[in-house]
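This briefing goes through selected local features of one protein model.

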Amino acid sequence: MSKVLIIGAGGVGNVVAHKCAMNSEVFSEITLASRRKIKCDEIAAEVKQRTGVEISTAQVDADNVPELVELINKVKPAIVINVALPYQDLTIMDACLETKVHYLDTANYEPIDEAKFEYSWQWAYQERFKEAGITAVLGCGFDPGVTGVFTAFAQKHQFDEIHFLDIVDCNAGDHGKAFATNFNPEINIREITQNGKFWEKGAWVETKPLEIHKPIEYPNIGPRESYLLYHEELESLVKNIPHMKRARFWMTFGQEYIKHLEVLQNVGMTRIDPIIYEGKEIVPLQFLKAVLPEPSELGENYEGQTSIGCQLKGLKDGKEKTYYVYNNCDHAEVYKEVGGQAVAYTTGVPAMIGAMMVLKGEWSGAGVYNVEEFNPDPFMHQLNVQGLPWKEEFNPILPHEDYY
């Protein structure tokens, strides 16, 4: 029985709050905090209606370390679950250090003025967290997060050496909007408009944005055009999983989405540098975020499934083998359970499970860790219990050798 503080009241924060309330034997007291307390209050009311559990709410500026420290000292949580913006990871980590409270997030830090995925800023906290005797769990959503646990699980139970990894992420859902992003528009568009990158033969290979793509077959969905992106878990996985010869990340986008994105880029609406408009400084991408549909409000009429998994090839007992482990999640079922959509659900449920792992002592150790550094087995068990059941395919034919 432990107190938890959740920072961030978007679609993912809504899922985390609901799932913590559904596991009150672990999370005895829940506080949800955000810059906009009214949003926290709305989520708290929904949680009470669905689960009967009352959660506390608070206002906090996650960019302000003294405010964060004051709130943490008031709540006295055993762990802070950070589902705010990636720009705010370091301030929240600083506050956890000052208060000696465990920390967990779902996406790595990136500076607000540069779209750049890199763990160096957070890995630099290793010695300070170690000296403080507290645990920081980095990237515990689905991708990053479950994909790292899937890979660690495969390494533990299926392979002696993993040589090839393809993380494949498909959203085959339809929300009925002409153009919308499934999580924070600012973060989503920054992610897919930067150069692609993959790991091969001990070095990073860079590509132009969305340059490499091919159809990939997804379970219960069929073939979908999938685009090679750089994603942060690749950096930690090639560091923590030995023998990796190539690691890539693929994500599906529909042609309507690509068309809208190209137009927005061409007219400058995806820029992240400030411009002057009527005497005021604005960032075009932040303005675009304000006019796009709110991701947390897409769930009501969302139909279809997501499918995210890891396709692996390597050696077991001196023989080549392939292995595919994945989860499919249904948008409509998620809406019934927590009033959200599957992209937020597949991020929020693993964040809750990761916090559960720390609080139950299944994942422990002072310092900064990526999820694949822990024992995957109890986490994999909880995925099945908490609404993200996984499936396996043994020795499937996988498109590891081709690029296009």
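P144 sits in the loop that runs between β6 (135–138) and α7 (146–157). The peptide bond joining D143 and P144 is cis, with omega at about 10°. The model is predicted, and the points below are grouped by topic.

- K100 is not a glycine, yet its phi is positive, at about 55°.
- The loop that holds K100 lies between α4 (89–99) and β5 (102–105).
- K100 counts as exposed because its relative accessibility is 54%, and the cut-off for exposed is over 50%.
- H243 is a residue other than glycine with a positive phi, near 75°.
- H243 is placed in the loop between α9 (233–240) and β12 (246–252).
- H243 has a relative accessibility of 42%, so this residue counts as partly exposed.

**Packing of α1 with α2**

- Helix α1 covers residues 11–21, and α2 covers 37–51.
- The axes of α1 and α2 come within 10 Å and cross at roughly 35°.
- The crossing of these two helices, α1 and α2, is right-handed.
- On the α1 side, the residues that meet α2 are N14, A17, H18 and A21.
- Their partners in α2 are I43, E46, V47, R50 and T51.
- By class, this contact of α1 with α2 has 4 nonpolar, 3 polar and 2 charged residues.

**Packing of α12 with α13**

- Helix α12 spans residues 331–338 and helix α13 spans residues 342–359.
- The two helices, α12 and α13, pack at an angle of about 65°, and their axes are 9 Å apart.
- The crossing in which α12 passes α13 is left-handed.
- In α12 the contacting residues are H331, V334, E337 and V338.
- In α13 they are A342, V343 and Y345.
- By class, the contact of α12 with α13 has 5 nonpolar, 1 polar and 1 charged residues.

**Burial and cysteines**

- Which residues of α1 are buried? They are G11, V12, G13, N14, V15, V16, A17, H18, K19, C20 and A21.
- Since 11 of the 11 residues of α1 are buried, this helix is largely enclosed by the rest of the structure.
- C20, one of the buried residues of α1, has 0% relative accessibility and therefore counts as buried.
- C96 also counts as buried, because its relative accessibility is 0%.
- How many disulfides does the structure hold? The count is 0.

- E54 lies in the loop between α2 (37–51) and β3 (56–59).
- Is E54 buried or exposed? With a relative accessible area of 62%, E54 is exposed.
- The side chain of E54 makes a polar contact with the side chain of K48, at 3.2 Å.
- E54 and E29 are 25 residues apart in sequence, and their C-alpha to C-alpha distance is 8.5 Å.

Definitions and conventions
Residues numbered from 1 in each chain as written. Predicted model: local features only at pLDDT ≥ 70, side-chain atom pairs only at ≥ 80, totals over all residues. Heavy atoms only, no water. Axes fitted to C-alpha atoms, helices over the stretch in contact; angles between N-to-C directions. Helix = DSSP H or I, 4+ residues; strand = E, 2+ residues; numbered from the N terminus. Left-handed = near helix turned anticlockwise from the far one by under 90°. Contact = heavy atoms within 4.5 Å. Nonpolar A, V, L, I, M, F, W, Y, C, P; charged D, E, K, R; others polar. Buried < 20%, exposed > 50% of the residue type's maximum accessible area, 1.4 Å probe, protein only. Polar contact = N/O pair within 3.5 Å; in protein donor to acceptor, adjacent residues only side chain to side chain. Disulfide = S-S within 2.5 Å.
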